[in-house]
Number of protein chains: 2
Amino acid sequence: MAENRFRVEPGTRVSLDRHDPADTGGLTKKQALEELDERRERLKELQELLYATRRYALLVILQGTDTSGKDGAIKHVMSAFNPQGVQVTSFKTPTPEEQAHDFLWRVHRAVPPKGMVGIFNRSQYEDVLIVRVEELVPRKVWERRYEAINHFEELLAQSGVVICKFFLHISKEEQRERLLDRLKERDSHWKFRPEDLAARAKWEEYQAAYEDALSRCSTDHAPWHIIPADKKWYRNLAISQVLEEKLAALNLEWPPLQPEAKGLIIT
Amino acid sequence: MAENRFRVEPGTRVSLDRHDPADTGGLTKKQALEELDERRERLKELQELLYATRRYALLVILQGTDTSGKDGAIKHVMSAFNPQGVQVTSFKTPTPEEQAHDFLWRVHRAVPPKGMVGIFNRSQYEDVLIVRVEELVPRKVWERRYEAINHFEELLAQSGVVICKFFLHISKEEQRERLLDRLKERDSHWKFRPEDLAARAKWEEYQAAYEDALSRCSTDHAPWHIIPADKKWYRNLAISQVLEEKLAALNLEWPPLQPEAKGLIIT
């Protein structure tokens, strides 16, 4: 399972129809769960190196329609990380203070510092997704945001922020099943929001908006990954695999003892 | 192992000499690790209820000398929580902006909102610990801080913040071992800070300052717990046990389906 299985090549046009949301890479659930356990262990180690060296930050961006598994990915994959080195930011309807700024202001504040893992549950991409579909700003405003996002992410990448963007791809039928589960299961009632049905009614418009974001904002410094997410166990494995590759590629090593500490005697 | 094994009764005078840092509650390491696994599972469930209901926040305060295991407790106990519901704040030397405010300003900003778990790695108590021992402010300034802290914590408790304060109690000899380990182990070099030895040289002054903080700021709304921390496995178990009791005592239940969601048909 190589990273480029999920990676959107910069400059290519994404058609979500050509990506199977039920793909499992030929693995069984049992195989995937075993591999996930191993990868979680390696993610723990790699994160400690990231934290100890403080040369890079890791920024994980999760996007996808309601029920696509953004929360689940955090719970089952990112929980491998030591919470001391993680900041999760959930971007919701902007507050009045956030509204009074440009759309990247609140996002910039939440970027993780070196040594840390930042996880964005939704992100700057909402400003070319819901904002576009619901026509919250005129077309000429959201049109120029793709380029603004690319410039912003390039700035981060140049400052040592490793950016991993995941689009969690589920089918409309799988979303239906998951919404029905929320209506049925007592411990999931709290997750059901009637307003999610309004977004579901605009499924095609949202898919088109995702396709544009994936096509126009997959760059060498911050590529998108399309994660088949109908099977939760494969979604988790696929994300863990991309994260491990990104972190391992940094080739980090344990920092040496500070010179002043050499030869110290502790009484 | 009842919670009051560790709890500092409000109004009593703490003498750390009378608390054995190597206490293990009569358990073996194997027993403690097994029990910790079970408690971590229950903490996961209780946190999800806290998150779903959004009626309370949990604030965990970790204090203790260098190497006492504050980071380790976060890594091994608090990692049970879903990272989406956790905010860790490490209080370090105040920045110029923080210095320009009262000592509780930066702490107040970091208090978790309802539904969330906030973990303070060090806290407002540094302002009656290092600040007192190193004489960074006059005695009359730090003297009135105990009462200010009690009032502040009372305000939080009245607003639904459940406060769990842990003092991680290790012996001077155990600290020596741990510092030596940091000098020896390649993957721990980064944790060694020569300046920690300066604090070690003032061990007695720090113990006296801890005793005052524990005695004067253990209240019904925010009691202190003294955790025997020479054995890391017992430290982790003891903390998990107190956290579980605190969360279980809230008797939270899954929120019902919103009325508008009843009878909805999803197509």
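**Figure legends: chain A and its copy**

Among contacts in chain A between residues at least 6 apart in sequence, 83% join residues at least 24 apart. The views below come from a predicted model.

**View 1. Contacts and burial in chain A.** Contacts between residues at least 24 apart make up 83% of those that link residues at least 6 apart. Of the 267 residues in this chain, 54% count as buried. Here a residue is called buried when its relative accessible area is under 20%.

**View 2. Helices, strands and overall dimensions of chain A.** Chain A contains 11 helices and five strands. Its radius of gyration is 20 Å, close to the 18 Å given by the globule rule for 267 residues, so chain A is as compact as a globular protein of that length. The C-alpha trace of chain A spans about 70 × 45 × 40 Å along its principal axes.

**View 3. Surface and charges of chain A.** The chain carries 41 positive and 43 negative side chains. The centres of these two sets lie 2 Å apart.

**View 4. Chain A and chain B.** Chain A is superposed on chain B by a rotation of 180°, with 0.0 Å of shift along the axis and an RMSD of 0.0 Å. This is the relation of a two-fold axis. Of the interface residues of chain A, 100% are also interface residues in chain B, so the copies meet through the same surface.

Technical notes:
Residues are numbered from 1 along each chain as its sequence is written. Chains are lettered from A and ligands numbered from 1 in the order in which they are written. This is a predicted model: local features need pLDDT of at least 70, side-chain atom pairs count only at pLDDT 80 or more; totals for chains, interfaces and linings use all residues. Side-chain values use heavy atoms; hydrogens and water are left out. Helices (H or I, at least four residues) and strands (E, at least two) are DSSP runs, numbered from the N terminus. The radius of gyration is taken over C-alpha atoms; the globule rule is 2.2 Å times the number of residues to the power 0.38. Buried means under 20% relative accessible area, exposed over 50%, partly exposed in between (1.4 Å probe, protein chains only). Contact means heavy atoms within 4.5 Å. Lys and Arg count as positive and Asp and Glu as negative; His and the chain ends are not counted. The place of a charge is taken as NZ of Lys, CZ of Arg, CG of Asp or CD of Glu. Copies are superposed by least squares on the C-alpha atoms of residues with pLDDT of at least 70 in both.
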